[in-house]
Amino acid sequence: MTDVTNIERIAKILKVVGRDPATFSISDIVKKAQLGRSTGFELIRALKERGYLEETPRKTLQLGKSARSLGLCQIESHSSKFHFGVPRMHDDQVTTSLDLAPELFQRAQPIKKAPPGPWRLGFANASSSNPWRAALLNSVYHSIKVHSSEVSEILYSDAQDDPVVQLSQIDELIDTGIDALLISAAPDKQGLLTDRLQDLTRQGLPVIAVDRRPSDKDCFTTFVTASDELLGRFSALWLAEHLKGKGRVWLLSGIQNASPTQRRLKAAKKVLRYFPDIVLEAHRYTDWTANGGYEASRNLLKVYRSAPHGVWCDSGLQGVGSIRAFMDAKEIIPPHTGGDINGMFRLALKQKISFCAFDFPAAMGSKAIDVAVSLLEGHSLPRRIEVPVAAILPRGAETRSIKADVIAEKYVRWDLADDVILSQGVALRGSGT
Amino acid sequence: MTSSQKNSYHKSIDRFEYLLDAARSREIDTPYKLAQITGIPQSTAYRQIALMEKLRLISRDMQGRFMIGPESLRLANKAWDIQDIEVLAEPILRFIRIQTRQTGFLGFVANGDIQLGLYSIGLGCRFNKPTKSGLYHFLDVIKPLTSGRYDLVDDDGLRQPVILCPVVGNDHRELVIGLLKNDQKDETTTDDLALVTDVVNRFRAGLALVSQKTES
């Protein structure tokens, strides 16, 4: 008799009792859990003594006090080493209120007839055109390894940000007989993907959108993402408070038609409107590339002939290029926002630039695989699943409202390359970077 | 059945609990460290961890840290006779934490006690962590439970002020959402209560949708 088999037996017993509480006698439970009579009776006795099971007046069993305490669990972890003082709200302080998306409380349709596992998954990726997207893919592959008993294979396609290409790639994936489709949608202003994806969801195929969702909310089962609103709003609030509510600001966004770009920009502008002395001098799209950020800031420096007081970037992917443009122009480097990429943290810390980063977690790729497996197992999940976004600030850069969840000096990886995305979680280990 | 065999069942439950407690701390990211902390022999611990992960009694977060798994949460909720709340509760608790920077929690009230379930740790000087067992007792007998500020005590007799707002209940237990407070002043209570009440209304709407779907 080993602990391992006993743990399996404990789980079986608790599951049987949990499924139909106060229904079965001890003999019934032993049979249903497929245990030997002697072992089953003794284990149930031990579980009763330890409070996991309790007897009802009808001599049936139900889950007990110890089982009721199993749910004590922290939903997200933070470093226990850094806790910054938080002042109380002042009357003139801009609200940091967020809206909760209604889809967080709506249920996705459960999958009625999922075939038995292990399952084959397809991932139609918009592109792997920048380090963040490569990290997303890395996180997906890492999770496939973790779920090796549930997922036999993942088929992958890269649409290079072209919705027409993505549409044909989706058909190719479907033709191979996949059990669930993950999609990170290519920018698709005309809704080219909508009809096909709607057909697939109607046919009962789980469609899990990750990071970038298709434009129509009816054409996917669940959307795994992080809050773009939080990222846009809180980074803008940090910049405005850091500038004491006054100054010229440039806005550098990602890809023009990508949904996160639009949501972050809208949220940032919403906050900046509360600060009448902040002048939004210019706005540019950068394709979330360092080169895009470099060109945008270099060209704006030519137009305005002096550096602004602050640069709001919706990601460090372009932020790192923007900082280099100021360095090359031998201008004072203004405070920047935008995290994600190790190079942004390295450069900003080295140059002692004040900055604020809200890392958009590339580890959501791993979460999307968890979600696919849960849906195929028949669990009911919300229409939208958000992964947490951490505020990362260097020492001394906190403002009235924005406090660090993680301190940048501890977060940066001096031993890793500039293009490494730190928010890919455990997939970062063994990435060879 | 020999007494050593009987003891081995308790020993197995002990190890089951050690691993769950270590995962609950959310600070351990390798099976090696988990084995070290629990004191279980390495090879046994590795096999037990693999099995508990497979059974989803423990799982890992996006950073690879061990955490309580969905099957454990489901069992706990079944034990409280409430289903499918964890996925709805997560965004709500994160929202409460962001808005108040205090510790938001889901709790179950029964027989003058409150057992905490999922929680989200607040940041800053008002940071407050639940006790290890997550179990508190009401100082006074309160029936029916209404939204408001209450004083609880933990097993060591330490006082813990909280904001509580009931969600759903029956004769045996009440599901509540609340905030652990560590100040004795009342100045933030009104705002906190309004926020938690708003959140509870959204949560109730989500639960109603769940039961509609279950019925259909």
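The model is predicted: local features need pLDDT of at least 70, side-chain atom pairs count only at pLDDT 80 or more, and totals for chains, interfaces and linings use all residues. Residues are numbered from 1 along each chain as its sequence is written, chains are lettered from A and ligands numbered from 1 in the order in which they are written, and side-chain values use heavy atoms, with hydrogens and water left out.

**The interface of chain A and chain B**

- Chain A and chain B each bring 79 residues to the contact, where contact means heavy atoms within 4.5 Å.
- Between them the two chains bury about 7200 Å², with 60% of it on carbon and sulfur atoms; buried area is the accessible area (1.4 Å probe) that two parts lose on being put together, summed over both.
- L72(A), I75(A) and R107(A) supply 12% of the area that chain A buries against chain B, more than any other three residues.
- The rule finds 16 residue pairs in polar contact across this interface, both residues at pLDDT 80 or more. A polar contact is a pair of N or O atoms within 3.5 Å; within protein, one must be able to donate a hydrogen and the other to accept it, and residues adjacent in sequence count only if both atoms are side-chain atoms.
- On the side of chain A that touches chain B, α1(A) gives the most, with 11 residues. Helices (H or I, at least four residues) and strands (E, at least two) are DSSP runs, numbered from the N terminus.
- By class, that side of chain A has 36 nonpolar, 24 polar and 19 charged residues. Here Ala, Val, Leu, Ile, Met, Phe, Trp, Tyr, Cys and Pro count as nonpolar, Asp, Glu, Lys and Arg as charged, and the others, Gly among them, as polar.
- Four salt bridges cross the interface by the rule, which asks for a side-chain nitrogen of Lys or Arg within 4 Å of a carboxyl oxygen of Asp or Glu.
- R50(A) and D14(B) meet through their side chains in a salt bridge, at 2.6 Å from N to O.

- β3(A) pairs with strand β4 (residues 113–120) of chain B in the parallel sense, over two bridges; two strands pair if DSSP finds at least two bridges between them.
- Within β4(B), Y119(B) is the bridge partner of Q74(A).
- Q115(B) also has its place in strand β4 of chain B, and this residue is buried, with a relative accessible area of 8%. Buried means under 20% relative accessible area, exposed over 50%, and partly exposed in between (1.4 Å probe, protein chains only).
- A polar atom of the Q115(B) side chain lies 3.0 Å from the backbone oxygen of S133(B).
- Leaving aside neighbours within four places in sequence, the contacts of Q115(B) include R68(A), S69(A) and L72(A).

**Strands within each chain**

- All eight residues of strand β3 (residues 103–110) of chain B are buried, so this strand is largely enclosed by the rest of the structure.
- β3(B) runs antiparallel to strand β8 (residues 174–180) of chain B, joined by seven bridges, and antiparallel to β4(B), joined by six bridges.
- The hairpin of β3(B) and β4(B) has two residues between the strands, and N111(B) takes a positive phi near 50° there.
- In strand β6 (residues 180–183) of chain A, A180(A) and L182(A) point one way and L181(A) and I183(A) the other way, and all are buried.

**Salt bridges in the whole structure**

- Over all chains, a search finds 32 salt bridges.
- D211(A) and R133(A) meet in a salt bridge at 2.7 Å, N to O. D211(A) lies in the loop between β7 and β8 of chain A and R133(A) in helix α5 (residues 131–146) of chain A, so the pair ties together parts 78 residues apart in sequence.
- D211(A) is buried at a relative accessible area of 3%, and R133(A) is buried at 1%.
- R74(B) and E71(B) form a salt bridge with their closest N and O atoms 3.3 Å apart, and both lie in helix α4 (residues 70–79) of chain B, three residues apart, about one turn of the helix.
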